[in-house]
Amino acid sequence: MDDWESTLAGLRRAFLDRIPSFADDAESAIASLRREPRSIEHLSALRLVLHKIVGSGGSFGLAGIAANAAASEALCREHLDAATTPTVDQLDGIEAHVASIREEADLERNSTAPLESEAHMFRDSSSVISN
């Protein structure tokens, strides 16, 4: 593995290490929305953290993480665009997506896959950058 591949693999691991913090931020925004359902500020904060997960997850080849975040981000964006409030069921769904994101990141972090396989992913997907 060359220096570039090693750097990218390190960035991927650093992103995975930040997922618990992102998930905590999302869960905090969801809890705030449950208390203040009409808060544009809380809904915007939730959408922003999900957007960060979508972009980085996609860039690092973490399709499941990116897909869960994207589904929830789209729902937030829909409500922001329409100036409406997510339902309790929708917030429950977003919370389930966040739990899945956290779980998948844990699995990826605890994976016994060697670094070379991570570097191979970067060689094969030269430009999967979304933001």
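Helix H1 (residues 3-35) and helix H2 (residues 40-59) cross at roughly 160 degrees, and their axes come within 8 Å. The model is predicted, and local features need pLDDT of at least 70, side-chain atom pairs count only at pLDDT 80 or more, while totals for chains, interfaces and linings use all residues. Residues are numbered from 1 along each chain as its sequence is written, and side-chain values use heavy atoms, with hydrogens and water left out.

**Helix packing**

Helices are DSSP runs of H or I with at least four residues, numbered from the N terminus. Their axes are lines fitted to C-alpha atoms over the stretch in contact, and angles between N-to-C directions run from 0 to 180 degrees. H1 and H2 are therefore roughly antiparallel to each other, a label for angles over 145 degrees. The crossing of H1 past H2 is left-handed, that is, the near helix is turned anticlockwise from the far one by less than a right angle.

Contact here means heavy atoms within 4.5 Å. On the H1 side, Phe15, Ile19, Phe22, Asp25, Ala26, Ala29, Ile30, Ser32 and Leu33 meet His42, Leu43, Leu46, Val49, Lys52, Ile53, Ser56 and Gly57 in H2. By class, the residues of this H1 and H2 contact are 11 nonpolar, four polar and two charged. In this scheme Ala, Val, Leu, Ile, Met, Phe, Trp, Tyr, Cys and Pro are nonpolar, Asp, Glu, Lys and Arg are charged, and the others, Gly among them, are polar.

Helix H3 (residues 63-82) packs with H4 at an angle of about 155 degrees, the axes being 9 Å apart. H3 is thus roughly antiparallel to H4, and H3 passes H4 in a left-handed crossing. Residues Gly64, Ile65, Asn68, Ala69, Ala71, Ser72, Leu75, Cys76 and His79 of H3 meet Gln90, Ile94, His97, Ser100, Ile101, Glu104 and Ala105 of H4. The H3 and H4 contact has eight nonpolar, seven polar and one charged residues.

**Salt bridges**

Side chains of opposite charge can pair when their charged atoms come close. A salt bridge is taken as a side-chain nitrogen of Lys or Arg within 4 Å of a carboxyl oxygen of Asp or Glu. The count by this rule comes to nine salt bridges.

Glu108 in helix H4 (residues 88-109) and Arg12 in helix H1 are 96 residues apart, and their pair links distant parts of the chain. Arg12 counts as buried at 6% relative accessibility, whereas Glu108 is partly exposed at 27%. Buried means under 20% relative accessible area, exposed over 50%, and partly exposed in between, with a 1.4 Å probe and protein chains only.

Arg102 is partly exposed at 21% relative accessible area, and Asp24 is partly exposed at 42%.

Arg109 and Asp106 both lie in H4, three residues apart, about one turn of the helix. Arg109 is partly exposed at 27%, as is Asp106 at 29%. Asp106 and Arg109 are also linked with Asp17 in a network of salt bridges.

Technical notes. Helices (H or I, at least four residues) and strands (E, at least two) are DSSP runs, numbered from the N terminus. Angles under 35 degrees count as roughly parallel, over 145 as roughly antiparallel, 65 to 115 as roughly perpendicular and the rest as oblique.
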